[in-house]
Amino acid sequence: MSELILGIDLGTTNSAVGIVDSGFPILLANEDGRRITPSAVWIGADGSVEVGEKAVRRQAAEPERVITSIKRLMGCRTSELGGDFPIAVTNGPDGYPQVLGKKPEEVSAEILREMKRIAEWRMGAEITKAVITVPAYFHDAQRAATKRAGELAGLEVIRILNEPTAAALAYGLDRLGDMARVAVYDLGGGTFDLSILEMQDGVFQVLATHGDTRLGGDDLNAMILDEMMMRAGISSVDPAARVRLLAEADRVKLALSEHEQAVFRVPFYDGVRSLEQTIRRLELEQIAAPWIQKTVRLCRQALADSALKASDLNAVVLVGGSSRIPAVRRAVQEVFGLEPDISQHPDEAIALGATIQGGVLSGAMRQIILLDVTPLSLGIETFGGLMNVLIPRNTTIPCKAGELFTNAADQQLGMRVRVLQGEREMAKDNWELGCFDVPFSPAPKGQARVGVQFKIDENGILEALARDVSTGIDRVIQIESAAVNVDDAAVEAMVSQSVEHAFADMAQRVFTEAKLKAEELIPAVEAALSQGLATAEERGEIENALVAVRAGLLDGTANLLKPAVQRLDLATESLAARLVEQALDSALDRQLVADK
């Protein structure tokens, strides 16, 4: 058996870990079923530590004890630091920064230790070696600090891998031919890199790289917050309030990648004052323009250094969470004259590339001849009769994909997993390949968890696995040749039907999703109103919105129901925030009583 070597993306905002298993690189999910873990560390007054989602959840109550974006401090002297950092930074005796009495590499070590723990838990074996990625523009001190962090976490760091090279490995640069050139545009939470790589005879070579270790999504969050504060006439806020406001800036930024308008809303951010401003996507793009232009200048410098023209490139690959912003994608297309390739998951590509590199170094990766692709999407039926796709059509095999699902009703005794194949939005319109039941202990709605994974091997055999997370018990079925050997005429007919019924199918899906949301919202809103926390003005708007939602349910069309649900959601945001604050205050009071 080959030695296990982890591939780790130690990111500014999120981190991820992978391993090569049975010859294939896979990213490993944490207990919540997520393949990415927030790069957040909470350090308690007694020295106790929590990492990831647990740390993020503590931000509301103890923002001054939750460290995020630590990557921005790695390997830098205190005198070199610039820009915004979420919590107070002090100067250590050696001239290097400290946060809550810890060096940046000590904080990063906690994140890496969590990645190691997740991998060992998933693989059931001790793992001591790793490949860790860094921005291409990291200097020697930053790379050395990253390596020290790995060693503090109990890992032998056998390779520090540049993030653009990792992204190119994940992308599969070799599939473009014997010689290919690719630009990798990596805009993450804290850093930016643009690298131009060439692959010839199986060897990667970096032709040019430019970047900025202090340019990323965190900076845009700060710019959004500055704009919101300026509009509201707020000159300054205390550090704890700033943490809450920056979190809302991040939420708004993400929302505006999908919608034309969002509301920046933080009630009682300092215990007294509230901040609420509407912001449109166009306004965000105006705020972000100088930030995006910095990346454009670095792109042009890298092109000039490589002695290549944009037309010499085969592809431009986008990675990093901030690359989702529509204005960023347009800017990249203008610079390179190529439609950006977004085939890789922006938050997972670098970890996947590190995993591949680890597999190559361990000897676990073998040459894979990819003979076929999935002709139709594969998925399962979810609540409401919807088709939830796990493996999209035209995915190259072998492949593996999974997702975590929860119970849709209180005290549900089990879940029926219907394995489906097809391109239609509703489960009933697709083909059922198999079906099996996963029993679990009765639990409140949303508490029982079942992980579903599809795996297709090189022979086109689909294995569907469902695991009850609480017990670890698996249910598995194998469906031979269902994934690949589908009659061409049947595939063509299914695709044609999906095109023919696209609008009707999507309308039905949107209505079903809105109906599920409405049925969840109505009792929750009614319960909230009964507590008497809503103002008279809020109550009037909420009750009108409830009437509109009920009318939309009776009408049965997405055009009425979806906006009505959105209106109700918006009308109850302030009330929901007060309920959360009330719950936090109650919990804090109980804790204070218990401590006395």
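This is a predicted model: local features need pLDDT of at least 70, side-chain atom pairs count only at pLDDT 80 or more; totals for chains, interfaces and linings use all residues.
**Stop 1: helix 2**

Select helix 2, residues 104-123, and show the side chains of Lys 116 and Glu 120. They meet in a salt bridge, with N and O 2.8 Å apart. Side chains of opposite charge can pair when their charged atoms come close. The two residues are 4 apart in the helix, which means they are separated by about one helical turn. Is Lys 116 buried or exposed? Lys 116 is buried, because its relative accessible area is 11% and the cut-off for buried is under 20%. Glu 120, at 21%, counts as partly exposed.

**Stop 2: helix 6**

Now select helix 6, residues 239-255. Look for Arg 251 and Glu 248, which form a salt bridge whose closest N and O atoms are 2.8 Å apart. In this pair the spacing is 3 residues, again about one helical turn. Arg 251 is partly exposed at 36% relative accessibility, whereas Glu 248 is buried at 10%.

**Stop 3: a pair across two strands**

Go to Glu 432 and Arg 418. Their side chains also form a salt bridge, at 2.7 Å from N to O. Which elements hold these two residues? Glu 432 lies in strand 22 (residues 431-439) and Arg 418 in strand 21 (residues 414-421), so the pair, 14 residues apart, links distant parts of the chain. Glu 432 is partly exposed, with a relative accessible area of 42%. Arg 418 is buried, with 19%.

Next, select Glu 227, Arg 231, Arg 280 and Glu 283 together. Salt bridges with shared partners join these four residues into one network. How many salt bridges are there in the model? The count comes to 36.

**Stop 4**

Strands of a sheet pair through backbone hydrogen bonds, either parallel or antiparallel.

Zoom in on strand 18, residues 378-382. On one side, strand 18 runs antiparallel to strand 21 and is joined to it by 3 bridges. To see one of the contacts between these strands, show Leu 378, whose bridge partner in strand 21 is Gln 421.

Strand 18 also pairs with strand 19 in the antiparallel sense, over 5 bridges. Here, show Glu 381 and its bridge partner in strand 19, Met 387. Then colour strand 19 by burial. Because 5 of its 6 residues are buried, strand 19 is largely enclosed by the rest of the structure.

**Stop 4: Ala 443**

Finish at Ala 443, in the loop between strand 22 and strand 23 (449-456). Ala 443 is buried, with a relative accessible area of 12%. Which residues does Ala 443 touch, not counting those up to four places away in sequence? They are Asn 407, Ala 409, Asp 410, Gln 411, Gln 412 and Ala 448. Select Asn 407 as well: Ala 443 and Asn 407 are 36 residues apart in sequence, and their C-alpha atoms are 8.1 Å apart in space.

Technical notes: Residues are numbered from 1 along each chain as its sequence is written. Side-chain values use heavy atoms; hydrogens and water are left out. Buried means under 20% relative accessible area, exposed over 50%, partly exposed in between (1.4 Å probe, protein chains only). Contact means heavy atoms within 4.5 Å. Two strands pair if DSSP finds at least two bridges between them.
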